[in-house]
Amino acid sequence: MSTDDLPDAETPARRRPAPADPDEDELARRWSLTSADLAVAAECRGDDHRRRFAVQLCWLRAHGRFLDDYRQAPVKIVNHLSRQLGLSPVLFLDRPGRSQTERAQALRIRRHLGLRPFDSGLSADLRHWLRQGAIEGRTAAELLVRAEDKLRGWHVMLPAISTLDRLVTAEVTHATSQLYETVSLRLPPSLREAIDLLVEVPDGDARSSLFRLKDFPKSASAAVIKGDIVRLRLIEQLVEAGAGLDGLDPRVVRQLGQLGRRYDAGDLRRFAKPKRDALVACYLVEARRTLLDQVVEMNDLFLTGTNRRARNSVEKQRKTLRRRARDGLRRLLDAGTSRDLSPLTIDFLPPQD
């Protein structure tokens, strides 16, 4: 995993190049010299040595490692440091004269900041820490960022970017292979045999059984819900007792399950048996949870839709009957008023003798 693969949001600030035109806040926050810095820089002989010393000191403090090429140092930063040193501004920073002088200054800077070199002992400690993180399911990109933070917390000068990249990649690869072995050994033999059948394409068919298990559309219809239930029952038969993965970290199962869903049957057939078993088994465990949630959700949507359609149908019939009744009453009233009927009089006076 190269640092080029890291998005900007995940790349540590010390890995990003220094801005060519930093603002005043950036200069004050990351490129200011303390009184102790000025005192140790004053021990250098010559203005150029003091400038280079100040640049390397701030660069190491900000980025965790020394600057490889002085031409990468922005002139605005160099002159900001020059002003603090009481030196005149320059157009560029001269290259160092002797490598021995550079090594001596690097040692003084490292001691001044209290940083230890990245030696074999610290490399072993970092490998152990990386191994634990990889077992927990952390990606190489995430571990690369965390490794730099870890070394900074240990007050260790960061190794070269390529060295750290190779170290992280190697440990993640090794830990992942061990993880595949561990997961595969936990699976019951019947499931391992079933996985081999799932990734095979039967004669006369264009798709594997695993593809059909993965192909569950999300739709609130009776046919789709029925198909989901069938797939769910098949998966439950395959992983009846949790596939022996109940003791694993759920994050690991989830990550391997996502990888298993990403690969098609052809890719899985090319993998080594432990990796294939681990990816498919974790996918089945995750798919069971996903399918169960989907069946419940789709059934709820289906019932809600059915209820809504039933209410709309009843309301439509009610409006139709109400309209018919109103029209019938209007016709009855019209028929009654159109007839020429004489008014009826009723005499309530008592009869005369």
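The structure holds 0 disulfides. A disulfide is a covalent bond between the sulfur atoms of two cysteines. The model is a predicted one. Within it, Cys44 has a relative accessible area of 5% and is therefore buried, since buried means under 20%. Cys282 is also buried, with a relative accessibility of 0%.

The packing of two helices was examined next. Helix H7 covers residues 140-153 and helix H8 covers residues 161-186. Their axes come within 10 Å of each other and cross at roughly 125°. H7 is therefore oblique to H8, because this class takes the angles left over once those under 35 degrees, over 145 degrees and from 65 to 115 degrees are set aside. The crossing of H7 past H8 is right-handed.

On the H7 side, the residues in contact are Ala140, Leu143, Leu144, Ala147, Glu148 and Leu151. On the H8 side, they are Leu164, Asp165, Val168 and Val172. Sorted by class, this contact consists of 8 nonpolar and 2 charged residues, with no polar ones.

The loop between H7 and H8 contains His155. Most residues other than glycine have a negative phi. His155 is not a glycine, yet its phi is positive, at about 60°.

Conventions: Residues numbered from 1 in each chain as written. Predicted model: local features only at pLDDT ≥ 70, side-chain atom pairs only at ≥ 80, totals over all residues. Heavy atoms only, no water. Axes fitted to C-alpha atoms, helices over the stretch in contact; angles between N-to-C directions. Helix = DSSP H or I, 4+ residues; strand = E, 2+ residues; numbered from the N terminus. Left-handed = near helix turned anticlockwise from the far one by under 90°. Contact = heavy atoms within 4.5 Å. Nonpolar A, V, L, I, M, F, W, Y, C, P; charged D, E, K, R; others polar. Disulfide = S-S within 2.5 Å. Buried < 20%, exposed > 50% of the residue type's maximum accessible area, 1.4 Å probe, protein only.
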